[in-house]
Amino acid sequence: MKQFRIIMASIAAILIFSSSARAARQGMSVISGTVIEAVTGQPASYATVAVLQLDSTVVTGLAADNKGEWTLSVQPGQYLLRISLIGFKDVTMSLNAKEGSVTLDPIALEEDAQMLEGARLTERQSLVEMKIDKVVMNVSQSAFSQGTTALELLKKAPGVTVDKDGNVKLNGKSVSVWIDGRPSHLDGKSLEAMLRSTEGGSIDKFELMDNPSAKYDASGQGGIINIKTKKNFKAGFSGDLGVNGGGMYFGAIDNAVMKGSAWTNLSYRTDKSHTFVNLYGGLEDTGIAIDNELTFATEAGSLMQDAESLYKNRYQNYNLKIGRDWFIDSKNTIGFIATVPGSEVKMTGFDEGKASSFTTQKLNGTLIDNVESRVNDSDHDTQFSGNLNYTHVFDEARSSEITANIDYYRTAGSTVNRISDMKTFPEPMTETHRIVNTDNTIDIYSAKLDYQSVLWGETMFEAGGKWALSMTDNNMLFTQTESADIHTFFNYREHIGAIYGTLAMQLSPKLSGKIGLRGEYTNTFGDWKSSGEQIHRDFLNVFPTFYLGYVPSQKLMLSASYTRRIDRPRYEQLNPSKTYVDAYTYTVGNPDILPQLSDNFSLSAMIAQRFSISLGGMHSKDLINQDPSYTPDGIKTLTWSNFGTMRMGYVAFGIAALPVTKWLEWTLNLSGIATSSTNKSGDYDSKGMFGNGYTCLTMTLPKDWKVELDAYGSTPMTFGYFKIGGNWASSLAVKKNLLDNRMVLSLDIQDIFRSQRTNIDIDPAAIGGAISYIGQQYYNQKAVIGLSWNFGQAKHVRQRKVGNLEEASRLGGSGNGIGTGTGK
């Protein structure tokens with residue numbers, strides 16, 4: 001309770017401070033105006049209005065509403081007023097801001113014919129943008145966005161890795177994935193299914209925030225990846241639709257993998273509402289060959305076990321997303337979003353009905369056991385998420401608004417893990433069948449309230465609270481030939497309540513800062529009914545954040561940040577059910593896992609908006625990892641547990657869309673990471689270093705051709721007890737725009753050199769001197785051809801420039817900068 005009182009007192013101090021600061025608004029100049037189109041006289045909706053010092057330093061800015069109207073406040077004085085909107089020429093004029101209210105005459109914007117001719121339906125951006133507080137990857141500008149999924153695009157983001165279990169990491173640290181500024185509530189296989197069912201062309205950008213502010217949930221030791229989907233600003237009815245298909249044959253396994261999908265995104269926008277519908281359906285095959293070796297000493301001598309498996313995963317995914325916003329007036333917006341993704345995953349041998357795994361055991365070099373296994377796994381997952389949101393703007397000039405969100409999320413899954421073992425040696429032959437049926441449901445309810453306002457000058461205040469309830473029910477039935485059935489019931493409940501407050505300040509024209517404090521109270525209850533074990537925990541955590549930015553010139557940007565984060569165990573890690581990999585290997589969850597806490601800091605520099613370098617570190621306790629063990633008869637178990645502590649340091653270097661020639665741009669991201677881990681008992685230490693990198697060459701050619709060649713890779717690394725080998729892969733994308741960019745023809749080739757593989761060694765010191773090796777070869781290469789068509793009124797393709805004011809974005813408001821308006 002002492003910690004709770006500290007949090008309340010700290011946030012109360014911030015609230016009192018913000019209240020006293022309102023007096024500073026006395027003597028301000030309140031300026032209002034309207035922006036119109038010169039030719040038609042119609043409102044220039046969502047134009048960006050910026051007030052600048054006479055040396056062009058940005059003071060503040062906002063977006064006009066859908067009627068082209070705007071209001072902002074500044075200290076009295078002489079300024080420049082700049083109005084901009086994509087497709088129109090910028091207007092810059094002198095502004096004499098006098099104390100009191102000032103209403104300007106309507107400002108007319110002339111169409112920029114040259115820009116419209118050059119851009120047509122698109123606006124070109126750098127593939128990677130480096131900002132003070134985050135890295136932005138504009139995937140909508142990439143040729144790879146055609147004919148791919150969000151999962152494939154995310155793997156190309158700087159420092160991001162996605163493993164075979166759907167776990168997403170940023171610079172080697174686990175992260176929380178958000179969608180359009182809201183937590184996805186997904187991880188592991190559920191997250192992978194959602195990303196596979198999201199068409200790549202619907203993604204606008206990825207925002208990579210390794211040290212997010214106190215406003216965001218503290219979950220995810222590596223920060224947050226926010227996936228921003230495209231917003232359609234065309235008036236009337238518009239949208240796009242597309243199809244793609246392809247595959248590849250592999251002679252080494254005498255089989256082929258296939259891929260195909262179809263999608264449509266529809267939008268209808270008026271001055272009073274915006275309705276959209278997104279629909280996607282797809283199928284994709286992946287292949288994997290696994291070599292699982294184990295050698296250890298027994299009383300009878302050296303026992304060697306070798307299991308070789310070849311599996312095909314077939315993913316069938318669909319996604320339906322419906323949303324509507326009502327623009328009640330210039331100060332009130334209400335909306336809802338409903339999403340229904342689903343998936344079916346089957347893992348079998350490439351030849352169903354035949355053995356897909358072959359295991360041998362040798363004692364002192366003599367064969368004593370030979371087992372052929374047929375694996376047939378299926379996983380059905382249906383999800384639903386709904387969001388109801390309301391925004392009220394108190395004062396656009398101060399970006400003063402309150403936003404309420406109510407969310408519900410549900411996933412219902414059914415997994416069947418079937419293994420049939422035929423022992424062919426020694427005779428007589430025997431057959432054993434094992435079936436693990438698991439049914440699970442997860443329900444999540446949450447309510448969130450956020451308030452923000454510019455207090456005085458250029459100081460942004462934010463405060464809010466959140467409550468969430470998560471409920472998961474798991475029912476597992478294990479059956480085996482000539483053995484009694486095992487029934488496992490495991491239920492888990494989790495309540496989280498959170499409050500936060502932040503202040504973002506422009507300390508000087510070149511120096512900005514942000515401080516924040518977040519408190520989260522967690523109450524959990526786990527009921528392992530089949531064993532009679534119940535686990536109840538409650539704890540209060542405090543998460544401070546600190547940020548400082550210094551911009552001595554337009555060519556140099558420096559920043560420093562610190563955050564504390566938490567990683568709560570995933571439901572699959574808590575679930576004590578077994579999942580079999582082969583005849584002698586299985587994984588199992590652990591209801592006793594504790595949350596993992598991490599302290600993170602970083603220092604970074606950005607030069608000329610093209611080059612960046614950053615240094616950072618992390619200290620984690622109660623690291624969540626798998627604990628390997630084996631029995632004398634060769635049964636290997638991987639159990640989720642709290643390993644101990646881990647320390648990590650990194651250095652990263654980036655080049656963002658560097659022009660090599662007029663038609664060639666180069667993007668490069670490299671990072672080096674050093675780790676040191678100690679288990680809980682203190683008798684095991686591991687140290688290691690590894691690096692990863694991503695590079696992309698973008699060629700913009702005549703006649704609307706675009707070609708991209710990229711590659712990513714990582715060196716060997718150590719993580720807890722595991723030593724993971726290096727891997728790399730390269731891809732090629734070709735895009736041709738047709739019919740004034742209304743139609744796009746694309747070719748995408750994944751894993752050009754068939755190089756994707758991963759080797760894993762378990763440290764012998766962790767498993768009593770045994771030698772364990774797991775090799776995984778992926779068969780993912782595919783050539784996919786796609787065709788998409790955009791339709792609608794091209795004249796009105798103008799997106800707001802909200803968020804393009806770099807100086808304003810340093811304040812860190814919940815929008816994209818100061819004065820983002822109603823966000824319509």
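Trainee: How many residues of the protein chain count as buried, as a share?
Mentor: Of its 824 residues, 55% count as buried. Keep in mind that this is a predicted model.

Trainee: And how many helices and strands are there?
Mentor: The protein chain has six helices and 48 strands.

Trainee: What about contacts between residues at least 24 apart?
Mentor: If you take the contacts between residues at least 6 apart in sequence, 66% of them join residues at least 24 apart.

Trainee: Moving inside, what is in the largest nonpolar core?
Mentor: That core has 36 residues, and Tyr311, Tyr580, Met646 and Phe722 have the most contacts inside it. At least two of its residues come from each of several strands, including β20 (273–298), β21 (301–329), β27 (459–480) and β38 (644–659). Others that supply at least two each include β46 (757–762) and β47 (771–779).

Trainee: Which residues are in the other core?
Mentor: The other core lies apart from that one and has 26 residues, among them Leu154, Val162, Leu191 and Ala733. As background, nonpolar side chains in soluble globular proteins tend to be buried together.

Trainee: Which residues are closest to the centre of the largest one?
Mentor: Ile179, Met194, Lys321, Thr339 and Ser385, out of 36 lining residues. Strand β24 (residues 366–395) gives the largest share of that lining, with five residues.

Trainee: How does the lining of the largest cavity divide by class?
Mentor: There are 16 nonpolar, 15 polar and five charged residues in the lining of the largest cavity.

Trainee: And how much space lies in the second largest cavity?
Mentor: About 120 Å³. Its lining has 15 residues, and the closest to the centre are Tyr492, Thr524, Arg537, Pro569 and Ile593. By class, the lining of the second largest cavity divides into nine nonpolar, three polar and three charged residues.

Trainee: Which strands supply at least two residues of the lining of the second largest cavity?
Mentor: β28 (486–506), β29 (511–528) and β30 (533–553) each do.

Trainee: How do β29 and β30 pair?
Mentor: They pair in the antiparallel sense, over 18 bridges. One example is Ile515, whose bridge partner in β30 is Phe546. The hairpin of β29 and β30 has four residues between the strands, and Gly532 there takes a positive phi near 80 degrees.

Trainee: What does β30 do on its other pairing, with β31?
Mentor: β30 and strand β31 (residues 556–567) run antiparallel and are joined by seven bridges. Leu548 has Ala560 as its bridge partner in β31.

Trainee: Where is Asp751, and is it buried or exposed?
Mentor: Asp751 is in the loop between β45 (743–750) and β46. Asp751 counts as buried because its relative accessibility is 3%, and the cut-off for buried is under 20%.

Trainee: Which peptide bond is cis, with omega near 0 degrees?
Mentor: The one from Phe425 to Pro426. Pro426 lies in the loop between β25 (400–425) and β26 (430–454). For context, most residues other than glycine have a negative phi, and most peptide bonds are trans.

Trainee: What about Glu207, buried or exposed?
Mentor: Glu207 counts as buried because its relative accessibility is 8%. Glu207 lies in strand β16 (residues 203–209).

Trainee: Which residues does Glu207 touch?
Mentor: Leaving out residues up to four places away in sequence, Glu207 touches Lys134, Val135, Val136, Ile224, Ile225, Asn226 and Lys228.

Trainee: Last one. Where is Tyr46?
Mentor: Tyr46 is in the loop between β1 (29–37) and β2 (48–52). At 8% relative accessibility, Tyr46 counts as buried. The C-alpha atoms of Tyr46 and Leu62 are separated by 9.0 Å, and the two residues are 16 apart along the chain.

Technical notes
Residues numbered from 1 in each chain as written. Predicted model: local features only at pLDDT ≥ 70, side-chain atom pairs only at ≥ 80, totals over all residues. Heavy atoms only, no water. Core = buried A, V, L, I, M, F, W, Y, C linked by side-chain atoms within 4.5 Å. Buried < 20%, exposed > 50% of the residue type's maximum accessible area, 1.4 Å probe, protein only. 1 Å grid on protein atoms, 1.4 Å probe; cavity = no way out; pocket = protein on both sides within 12 Å on 5 of 7 lines; lining within 4 Å. Nonpolar A, V, L, I, M, F, W, Y, C, P; charged D, E, K, R; others polar. Points joined across faces, edges and corners; volume = space filled by probe spheres on them. Pairing = 2+ DSSP bridges. Contact = heavy atoms within 4.5 Å.
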